[in-house]
Amino acid sequence: MGLYHIMNLHKVLLASAALAVAVSAGAAPLDKQDEGDYVLLNVRQEPTPLQMRYLLRADGQWIMDSNTDNQGWQPVCRGDGSCRLQASREADVRQWRRLLPEQIRQYPLACINNVAFAFCRMSKPDNPKQRLYWWISLLEGQHHALGLNRIR
C-alpha cells in the first residue's frame with residue numbers, strides 16, 4: 001500500500017473516530033432556547049391541528065401545554081406523576097435516533113421524556129444554533145418520530 005493510500009485511510013479513520021465521539025457524546029441538554037410553541041407535523045411533514053408549548057420552570061422542570069384546533073392552551077404535563085418530563089437516558093436516545101431520517105442520524109440529539117412521549121432537539125454539528133425538533137410517541141412499544149415546526 002502506497003503512502004497516498006495510507007494517508008487517505010488515515011483521514012477516513014480520523015473522520016470516523018470524530019463522528020463516533022460526536023454521536024456518543026450526545027448533545028447538550030435541552031435549555032431555555034428550546035422553550036417555545038411548536039406544531040406537530042404528520043408523516044408527510046404537513047402541519048396537524050396539534051400545537052405544543054414547552055416551558056422550562058425556574059426549578060429546572062419542563063412543563064408542556066397543548067392547543068388543538070386553536071381552542072386555547074390547556075395544561076398537559078405539569079412536572080409531576082407519570083407525565084413528568086425528565087432528561088432522557090442515553091440508551092433511550094440511541095434507540096430513538098434510529099427512528100429519524102438516516103441522513104441526520106449522526107447529528108447530536110438531546111431529549112426529555114415521560115412515559116408517553118419524548119421531545120427532542122437535534123442540532124447540526126457545524127452550526128449548533130440550527131436546531132431540528134422531534135416528537136416521539138412511546139406508547140405501547142410503538143415508537144414513532146414526527147417532526148415539530150417551531151412557531152414561536
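In which sense do S2 and strand S3 pair, and over how many bridges? I found S2 and S3 (residues 62–68) paired in the antiparallel sense over seven bridges. This is a predicted model, where local features need pLDDT of at least 70, side-chain atom pairs count only at pLDDT 80 or more, and totals for chains, interfaces and linings use all residues. Residues are numbered from 1 along each chain as its sequence is written, and side-chain values use heavy atoms, with hydrogens and water left out.

Terms, for the record: strands (E, at least two residues) and helices (H or I, at least four) are DSSP runs, numbered from the N terminus. Two strands pair if DSSP finds at least two bridges between them.

The S2 and S3 hairpin has five residues between the strands, and Gly60 in the turn has a positive phi of about 90°.

Next I took strand S1 (residues 36–41), which pairs with S2 (residues 47–56) in the antiparallel sense over five bridges. Leu41 has Pro47 of S2 as bridge partner. Five residues separate the strands in this hairpin, and Gln45 takes a positive phi near 65°.

Last, I checked Trp96, which sits in helix H2 (residues 90–97). Is Trp96 buried or exposed? Trp96 is buried, because its relative accessible area is 2%; buried means under 20%, exposed over 50%, partly exposed in between (1.4 Å probe, protein chains only). Leaving out residues up to four places away in sequence, I listed its contacts (heavy atoms within 4.5 Å): Ser88, Cys111, Asn113, Ala118, Cys120, Ile136, Leu138 and His143. Ala145 is 49 residues from Trp96 in sequence and 7.8 Å away, C-alpha to C-alpha.
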